[in-house]
Amino acid sequence: MECIINMELINYLFQHSLISKYQHGFLHKHSTCSSLLESVYDWSVALNNKYTTDIIYVDFQKAFDSVSHQKLITKLEGYGICGDLLQWIRAFLSNRTQVVNISGFMSEIVYITSGVPQGSVLGPTLFLLFINDIEDILFDTSVCMKLFADDVKLYSSFTHSLCDLQIVCDRLATWAKNGNYE
């Protein structure tokens, strides 16, 4: 069931152009290689034009575990996911527990209140939708972005010291604090 839902969800997202064009993680015909090739091409063009390029790499710590279920559900609704599918995803995320077993000694049961299920088929797709709106931080700037799941690469090429990179970094910090990561 999870495989079918994931496949249909991805089809829906691509049909409606809802996945960020900057995302290279967990998508067919996208990879770390496609991200690197696009970046190196941009950097080579800038270098040939005698531009300076500043690059910043960001990796969100424990990103998959930090996804707020309620914020994810709200974002899914924003992408037009509703009805039975939304209720199924809500149930998929709800009432999860974890326990640690070391040499036969079991920890207490802990209820999971955030995060997408790692090792699941649907988890990566849900994470991509959760982080998908990160591209909004680029609005009205010359900064480029490449994403691979929770890894963000920001870069800007320029001829003088004027650069939008600091503005985008500030927006990224605000995005992470206010809307997405606790």
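Which strands each supply at least two residues of the lining of the largest pocket? They are β2 (96-98) and β5 (110-112). Keep in mind that this is a predicted model, where local features need pLDDT of at least 70 and side-chain atom pairs count only at pLDDT 80 or more, while totals for chains, interfaces and linings use all residues. Residues are numbered from 1 along each chain as its sequence is written, and side-chain values use heavy atoms, with hydrogens and water left out.

**The pocket**
- About 240 Å³ of space lies in the largest pocket; that volume is the space filled by probe spheres set on grid points, which are joined across faces, edges and corners.
- A pocket here is an open set of points on a 1 Å grid over the protein atoms alone, where a 1.4 Å probe fits, with protein on both sides within 12 Å along at least five of seven lines; lining residues have an atom within 4 Å of a point.
- Among the lining residues are Asp65, Arg96, Tyr111 and Pro117.
- β2 gives the most to this lining, with 3 residues.

**The sheet**
- Helices (H or I, at least four residues) and strands (E, at least two) are DSSP runs, numbered from the N terminus.
- Look for an open sheet of 3 strands, in the order β1-β7-β6, with antiparallel pairing; two strands pair if DSSP finds at least two bridges between them.
- β1 (52-59) and β6 (144-148) are at the edges with a single partner strand each, so one side of each has no neighbour in the sheet.
- From one strand to the next, the twist averages 15°.
- β6 and β7 (residues 151-158) are joined by 5 bridges, and Cys144 stands opposite Tyr155 in β7.
- Helix α2 (residues 32-48) packs on the sheet, touching β1, β6 and β7, and its direction makes about 10° with that of β7. Contact means heavy atoms within 4.5 Å, and angles run from 0 to 180 degrees between N-to-C directions of axes fitted to C-alpha atoms, for helices over the stretch in contact.

**The core**
- The largest nonpolar core has 41 residues, and Leu76, Leu126, Ile134, Met145 and Leu154 touch the most other members.
- Such a core is a set of buried Ala, Val, Leu, Ile, Met, Phe, Trp, Tyr and Cys residues joined through side-chain atoms within 4.5 Å; buried means under 20% relative accessible area, exposed over 50%, partly exposed in between (1.4 Å probe, protein chains only).
- α5 (123-131) gives the most to this core, with 6 residues.

**Out on a loop**
- Lys29 lies in the loop between α1 (2-15) and α2, and counts as exposed at 73% relative accessibility.
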